[in-house]
Amino acid sequence: MSRRRRRDPARQAAYRVLRAVTSSGAYANIELARQRAALAPADAAFATELVNGTCRGLGGYDRVLAAASGRELRTLQPAAVDVLRLGAHQLLGMRVPAHAAISTSVDLAALEIGERLVGLVNAILRHVSERSWDGWVDVLGADEDDLGRLALANQHPRWIAEAFARALPADELAAALAADNEPARPTLVVRPGLAEISELGGEPARYSPYGAYAAGDPAGVTAVAEGRAGVQDEGSQLVALALSRVDAPEGPWLDLCAGPGGKSALLAGLAATAGQRLVASELHPHRAALVADNLRAYPEAARPLVVTADGTRGPWRPGTFSRVMADVPCTGLGALRRRPESRWRHQPSDVPELAVLQRRLLAAAIEATAPGGVIAYVTCSPHPDETVAVVADALAGGEVDCLRAPDVLPEVPRATLEGESGARTREADSLSERLVQLWPHRHGTDAMFLALLRRRGR
Ligand SMILES: C[S@@+](CC[C@H](N)C(=O)[O-])C[C@H]1O[C@@H](n2cnc3c(N)ncnc32)[C@H](O)[C@@H]1O
């Protein structure tokens, strides 16, 4: 007869979140918010740490579990694998004592899946508990090169570590990977002209004159509730600011890929300050609605026109705009801190697919820009195939020149792209010097990339 199984609301909630993430592609943050509502504060905090840590470590924990069980995980019931993953994180990534991590995992398996699994879960987790995380990295990384070990130790797929390595000096890779495992500092932004930094209640942001770190729940800030301020990573603020600062002819501004409207909301105020109007365009109607909501606090005279359109063939004449923001869809590898499961969800094959769309959108952005006007090509990814390679191809088209974007953000130290950038020619090196690459470990921002391109033929 089995002993009486103990219910544990925090672990059961974490299990349900992980099941939704691994079986139906749910976002951990969203599922967690749903589950947290029913939990006491201490349980909610434990469930959050358990889910986030397990999701971040998914690929590494699966390697540990395969080694500890001596079998491929696909031969186990997927629900049991999720119980084991949660157990592995408690043993290797949290300060839960081994006996507690194992017995609660056994109870969880019995309650959520069935008594027949308890022996298996117990045996596998006992093997896992024989080593620390560092001990497992030593064992699993024994046959790997330095990059493979660094990726494993810092819970990243190898291909992402490889991409970061191409965009960074070698001695910064470990810090860059480690920074993805730390939570991002919630940052607020004022809509210029509608709110003051002092209304945000927190310490001013490091570089952006429009930003401040949130002192509490952003929803409790009146200016945020009224749409006169918003939540926005400082890196996103800086790339929008850079486009507003560069010298360009008079004329309307365009945000080509605007949804959900964070950058549009800052650009709208910056454009109004310069006596210009912004057009905010977005492909998906539901995301265009989010853009409109983000712009709601602007008075009629300054409120951007929101357009639902495919940016590769927008409903405007060529050469219409003086400044164009092309914040293109990307892998989001620069924001891994925010979505714990995302590093395991992306595949290397996503990159070439996205790069095709990125090139088309940049070409359309160039066509929409007036002679002498400026395009900001932006990604929330430091992957060189999404950044410098796309820009290099656009430059080869002969219609634009690359400006020195780091000079436009003089307050941001070491903002220049410093990696080998996937190419070793002198030309590629001098191109890197003109490009901005922000990093969580250097700047505390998402890893945003920015190129500023001026359309020829003034
Ligand atoms: C990186 S996000 C933009 C983020 C936004 N600039 C902000 O700061 O809130 C890229 C956006 O491009 C949109 N998109 C995808 N394909 C597009 C296309 N062909 N034309 C225009 N927008 C597109 C996506 O729906 C997504 O909202």
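This is a predicted model: local features need pLDDT of at least 70, side-chain atom pairs count only at pLDDT 80 or more; totals for chains, interfaces and linings use all residues.
Leaving aside neighbours within four places in sequence, Ala-376 is in contact with Val-239, Ala-242, Leu-243, Met-325, Ala-326, Leu-450 and Leu-452. In soluble globular proteins, nonpolar side chains tend to be buried together.

Burial was also examined along helix α18 (residues 388–396), whose buried residues are Val-388, Val-390, Val-391 and Ala-394. These residues lie on the same side of α18, because the arc that they cover around the axis is only 160°. An α-helix has 3.6 residues a turn, so residues three or four places apart point the same way. Just after α18, a positive phi of about 80° is found at Gly-398.

Two residues other than glycine likewise adopt positive phi values. Gln-155, with a phi of about 60°, is placed in the loop between α9 (146–153) and α10 (158–166). Gln-155 counts as buried because 25 C-beta neighbours lie inside 10 Å. For Arg-414, phi is about 50°, and the residue belongs to the loop between α19 (405–408) and α20 (426–432). Arg-414 has 13 C-beta neighbours inside 10 Å and therefore counts as partly exposed.

A cis peptide bond, with omega of about 5°, joins Gly-259 and Pro-260. Pro-260 is located in the loop between β4 (253–255) and α14 (262–273).

Terms used. Residues are numbered from 1 along each chain as its sequence is written. Two residues are in contact if their C-beta atoms, placed from the backbone, lie within 7 Å. A residue is buried if 20 or more other C-beta atoms lie within 10 Å of its own, exposed if 12 or fewer, and partly exposed in between; C-beta atoms are placed from the backbone. Helices (H or I, at least four residues) and strands (E, at least two) are DSSP runs, numbered from the N terminus. The arc is that of the directions from the helix axis to the C-beta atoms.
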